[in-house]
Amino acid sequence: MALGSTFSCFSASGKEAVEIWCRAVKDYDYNSPGIKGNTGHFTQVVWKETTEVGVGLPTDGKRVFVVAQYRPAGCRGRGQAGLYKGCERQRADIQTSQTHLQSTTATQTFFLQLLGQTSLADTMADGSFQKEFLTTHNTYRQMHQSPPLTLSKDLNGSAQSWADHLLDSGNMEHSSTSDGENIYCMSSSAPINLTGKEAVESWYGEVKDYEYNSPGFKGNTGHFTQVVWKETTEVGVGLATDGKRVFVVAQYRPAGNMNVTEYFERNVLPQAGGGGSSGTDSNGGKKDCTLL
């Protein structure tokens, strides 16, 4: 647990507590691995076999507490050599900052930022990303006479889980969800700084190929039609990246793209004022892809 206090309003981002915990790396003795009072926070942060993290942040404006809980737990116990065997196994795994990146997602956020590979906002679908993602959807939906979407916590969770899976597997594939789903990926030899609008712009760019006089589902317009589908009311988003690849998953409820002509006629309406928009193109060594 990290505690910060100040006599003025304290505004914490997602990185300060992790930075404090990781400062203990300077005191960790790789030649004598094990739990020590001054390095325990660091070793838990980078513990390779930990797979999940949760965080809580209560504040009254002048004090803030940050609590992180990890599962499975990292090294525990003092004074018994047998309890350090787990630490010994990790010795080869925490030699460099690059190797630290093999640990938990929350830890990757911190070390990727230190290494200059990506920004904090690019490592998860944070509040700023979600807001821009939702706003971009609703801007396009208004153009097509569709009501605004609301952000769903439930859909955010399932979309994030699938984005994490895609990054781990390296494959572009749909989940088994019964909700609607759009997937976007980008790869680049340079660091990727993605905001909440690029994926939506790419999906909406298919509008140029949609034929209102022949409504229905087509493989080259399905992302667009889901984005503006009038009867969809909720959306969730997940984002996962290793700094050079990024996956964005959107899930929609109720699902759009019901492949019946009448459904498309009443859910995919032309722009009131005409015109269109195109998605982002590949440029600067970047490669975009979507999955329908």
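Colleague: Hi! Where is Lys131 found?
Modeller: Lys131 is in helix H6. Helices here are DSSP runs of H or I with at least four residues, strands are runs of E with at least two, and both are numbered from the N terminus.

Colleague: And what am I looking at overall?
Modeller: This is a predicted model, where local features need pLDDT of at least 70, side-chain atom pairs count only at pLDDT 80 or more, and totals for chains, interfaces and linings use all residues. Residues are numbered from 1 along each chain as its sequence is written, and side-chain values use heavy atoms, with hydrogens and water left out.

Colleague: Back to Lys131: buried or exposed?
Modeller: Lys131 is exposed, because its relative accessible area is 62%. The cut-offs are under 20% relative accessible area for buried, over 50% for exposed and in between for partly exposed, using a 1.4 Å probe and protein chains only.

Colleague: How far is Lys131 from Lys197?
Modeller: Their C-alpha atoms are separated by 9.6 Å, although Lys131 and Lys197 are 66 residues apart along the chain.

Colleague: Let's zoom out. How many helices and strands does the protein chain have?
Modeller: The protein chain has 10 helices and 8 strands. Of its 292 residues, 44% count as buried.

Colleague: What about contacts between residues at least 6 apart in sequence?
Modeller: In the protein chain, 70% of those contacts join residues at least 24 apart. A contact means heavy atoms within 4.5 Å.

Colleague: Which residues touch the most other members of the largest nonpolar core?
Modeller: That core has 29 residues, and Phe129, Phe133, Leu194, Trp203 and Val248 touch the most other members. A nonpolar core is a set of buried Ala, Val, Leu, Ile, Met, Phe, Trp, Tyr and Cys residues joined through side-chain atoms within 4.5 Å.

Colleague: Which helices and strands each supply at least two residues of this core?
Modeller: They are helix H6 (127–143), strand S5 (180–187), helix H8 (198–204), helix H9 (222–228), strand S6 (234–241) and strand S7 (245–253). There is also a second, separate core of 13 residues, which includes Ala17, Trp21, Ala24 and Val64.

Colleague: What does Phe129 touch?
Modeller: Not counting residues up to four places away in sequence, Phe129 touches Leu194, Thr195, Gly196, Val237, Leu239 and Val248.

Colleague: New topic: Gln251. Where is its place?
Modeller: Gln251 sits in strand S7. With a relative accessible area of 2%, Gln251 is buried.

Colleague: What does the side chain of Gln251 make a polar contact with?
Modeller: The partner is the side chain of Glu181, at 2.9 Å. A polar contact is a pair of N or O atoms within 3.5 Å; within protein, one must be able to donate a hydrogen and the other to accept it, and residues adjacent in sequence count only if both atoms are side-chain atoms. Leaving out residues up to four places away in sequence, Gln251 also touches others, including Leu155, Ser158 and Ala159.

Colleague: What happens at the start of H7, and what comes just after H7?
Modeller: At the start, a side-chain oxygen of Ser152 reaches to within 3.3 Å of the backbone nitrogen of Asp154. Just after H7, Gly170 takes a positive phi of about 75 degrees.

Colleague: Now rings! How many aromatic pairs are there?
Modeller: The count comes to 9 aromatic pairs. Rings of Phe, Tyr and Trp (its six-membered ring) pair if their centres lie within 6.5 Å; planes under 30 degrees apart count as stacked, over 60 as edge-to-face and the rest as tilted. In one of them, Tyr204 and Phe224 have ring centres 5.5 Å apart and planes at 75 degrees, so the pair is edge-to-face. Tyr204 lies in helix H8 and Phe224 in helix H9, so this pair ties together parts that are 20 residues apart in sequence. Both Tyr204 and Phe224 are buried.

Colleague: Which residues form one aromatic cluster?
Modeller: Tyr140, Tyr204, Tyr210, Tyr212 and Phe224 do. Tyr210 counts as buried at 7% relative accessibility, whereas Tyr212, at 31%, counts as partly exposed.

Colleague: Last one: where does Asp209 lie?
Modeller: Asp209 is in the loop between H8 and H9. Leaving aside neighbours within four places in sequence, Asp209 is in contact with Asn220 and Thr221.
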